[in-house]
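Hi everyone, thanks for having me. Let's get the model up on the screen, and then I'll walk you through a few spots in it.

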Amino acid sequence: MTPSLKVTVAPYWLSSIFLRAFANPFVLVDGVEQPATWGTPCKGIVEAGDHVVGAGIRYRGCGVVLGVSSATFTIRNDRETALVARNGLLNHTPFTVEEVPANQLHNNTFTVMSTI
């Protein structure tokens, strides 16, 4: 199996209306920025090993990705690694990236709890 990475960016429910209206999410893997869609997995093929993964937002008309908090994850050859990135209660809280436990995956997908 080819090692792959799946990152879903999900806003906190309280700030989701504002963020969905005025910001676009981005995923960063080893410093390379990829546009994402709210609540939809951003998938990619990566080499097995350690990778620095982060997520953030860019407000429309702004050139800088904001709210990025990165973490290092070990990608294995034998499975797809699923991650979820969420911001905190307040709009300025950085996104934290966490691995989705294998027991929460169902048919290779998982549900991101977010309203709207």
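Predicted model: local features only at pLDDT ≥ 70, side-chain atom pairs only at ≥ 80, totals over all residues.

Residues are numbered from 1 along each chain as its sequence is written, and side-chain values use heavy atoms, with hydrogens and water left out.

Okay, the sheet. Here 4 strands form an open sheet, in the order β3-β2-β5-β6, and the pairing is antiparallel. Two strands pair if DSSP finds at least two bridges between them. At the edges stand β3 (32–35) and β6 (71–75), each with a single partner strand, so one side of each has no neighbour in the sheet.

Let's zoom in on β2, residues 23–29, which pairs with β3 over 4 bridges in the antiparallel sense.

Where does Asp30 sit? You'll find Asp30 in the loop between β2 and β3. Its phi is near 50°, a positive value in a residue other than glycine. Asp30 is partly exposed, with a relative accessible area of 41%; buried means under 20%, exposed over 50%, and partly exposed in between, using a 1.4 Å probe and protein chains only.

Now for the inside. The largest nonpolar core has 20 residues, and those with the most contacts inside it include Leu5, Val27 and Phe95. By nonpolar core I mean a set of buried Ala, Val, Leu, Ile, Met, Phe, Trp, Tyr and Cys residues joined through side-chain atoms within 4.5 Å. At least two residues of this core come from each of β1 (4–10), β2, β5 (49–59), β6 and β7 (80–86).

Contact, by the way, means heavy atoms within 4.5 Å. Leaving aside neighbours within four places in sequence, Phe95 is in contact with several residues, among them Val9, Trp38 and Ile57.

Last stop: Leu19, in helix α1 (residues 16–22). Is Leu19 buried or exposed? Leu19 is buried, with a relative accessible area of 0%. Again leaving aside neighbours within four places in sequence, its contacts include Pro11, Trp38 and Tyr59. Leu19 and Tyr59 are 40 residues apart along the chain, and their C-alpha atoms are separated by 8.2 Å.
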